[in-house]
Amino acid sequence: MRHVALVTLVVDDYDEAIGFYTEALGFRLVEDTPRPDGSRWVVVAPGDRGTALLLARAKGDEQGARVGDQTGGRVGFFLHTDDFAHDHARMLAAGVTFLEEPRHEPYGSVAVFQDLYGNRWDLLQPAG
């Protein structure tokens, strides 16, 4: 079986990003391993299965310029939930910025939010 295991998300600071993803979004810290070059291998995941995020600290101006805008202003990440109302309320209480009110589409309940750097995400409870 093949699947996408990790997606790299370029961040400014490891600890700041870990805090946001684990506290505000409720992800779990899967791994935080120091590397010989001074970087860290940091993986967070929303659950026990599926794709996880590799939080990679930006190196240099070129990578730094992409922090928060990795997809050119489009929604680039999709966080599925089985309890939209609960997760939406919990995330709001944790200070997550939603860019719109929740809406109900034929494909499910959805609202766009941004992470601490400005990357756009959909919180989505699929229909059915």
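## Pockets, ring pairs and salt bridges

Strand 4 (52-57) and strand 5 (75-80) each contribute at least two residues to the lining of the largest pocket. The model is predicted: local features need pLDDT of at least 70, side-chain atom pairs count only at pLDDT 80 or more, and totals for chains, interfaces and linings use all residues. Residues are numbered from 1 along each chain as its sequence is written, and side-chain values use heavy atoms, with hydrogens and water left out. Helices (H or I, at least four residues) and strands (E, at least two) are DSSP runs, numbered from the N terminus.

**Largest pocket**

- The largest pocket holds about 210 Å³ of space (a pocket is an open set of points on a 1 Å grid over the protein atoms alone, where a 1.4 Å probe fits, with protein on both sides within 12 Å along at least five of seven lines; the volume is the space filled by probe spheres set on the points, which are joined across faces, edges and corners).
- Its lining (residues with an atom within 4 Å of a point) consists of V7, F27, P46, T51, A52, L53, G76, F77, F78, L79, H80 and W121.
- Strand 5 gives five residues, the largest share of the lining of the largest pocket.

**Second largest pocket**

- About 160 Å³ of space lies in the second largest pocket.
- L25, G26, F27, P46, L79, H80, T81, D82, D87, R90, M91 and L123 line the second largest pocket.
- Strand 5 and helix 3 (84-93) are the elements that give two or more residues to the lining of the second largest pocket, and helix 3 has the largest share, three residues.
- The classes in the lining of the second largest pocket are six nonpolar, three polar and three charged.

**Around A58**

- A58 sits in the loop between strand 4 and helix 2 (60-64).
- Between A58 and V10 there are 48 residues of sequence separation and 5.7 Å of space, C-alpha to C-alpha.
- Leaving out residues up to four places away in sequence, A58 touches V10, V11, Q63, G64 and V67 (contact means heavy atoms within 4.5 Å).

**Aromatic pairs**

- There are seven aromatic pairs (rings of Phe, Tyr and Trp, the last by its six-membered ring, with centres within 6.5 Å; planes under 30 degrees apart count as stacked, over 60 as edge-to-face and the rest as tilted).
- F20 and Y21 form an edge-to-face pair, because their ring centres are 5.2 Å apart and their planes are at 90 degrees.
- Both F20 and Y21 are buried (buried is under 20% relative accessible area, exposed over 50%, partly exposed in between, with a 1.4 Å probe and protein chains only).
- A cluster linked by ring pairs contains F20, Y21, F27, F77, F98, F113 and W121.

**Salt bridges**

- The whole structure has seven salt bridges (a side-chain nitrogen of Lys or Arg within 4 Å of a carboxyl oxygen of Asp or Glu).
- R103 bridges to E100 at 3.0 Å, N to O, and to E105 at 3.0 Å, N to O.
- Relative accessible area is 27% for R103, 25% for E100 and 30% for E105, and R103 is partly exposed, as are E100 and E105.
- D15, D32 and R40 belong to one network of salt bridges that share partners.
- R40 and D32 meet in a salt bridge of 2.7 Å, N to O, and D32 is partly exposed at 33% relative accessible area.

Terms used:
Ala, Val, Leu, Ile, Met, Phe, Trp, Tyr, Cys and Pro count as nonpolar, Asp, Glu, Lys and Arg as charged, and the others, Gly among them, as polar.
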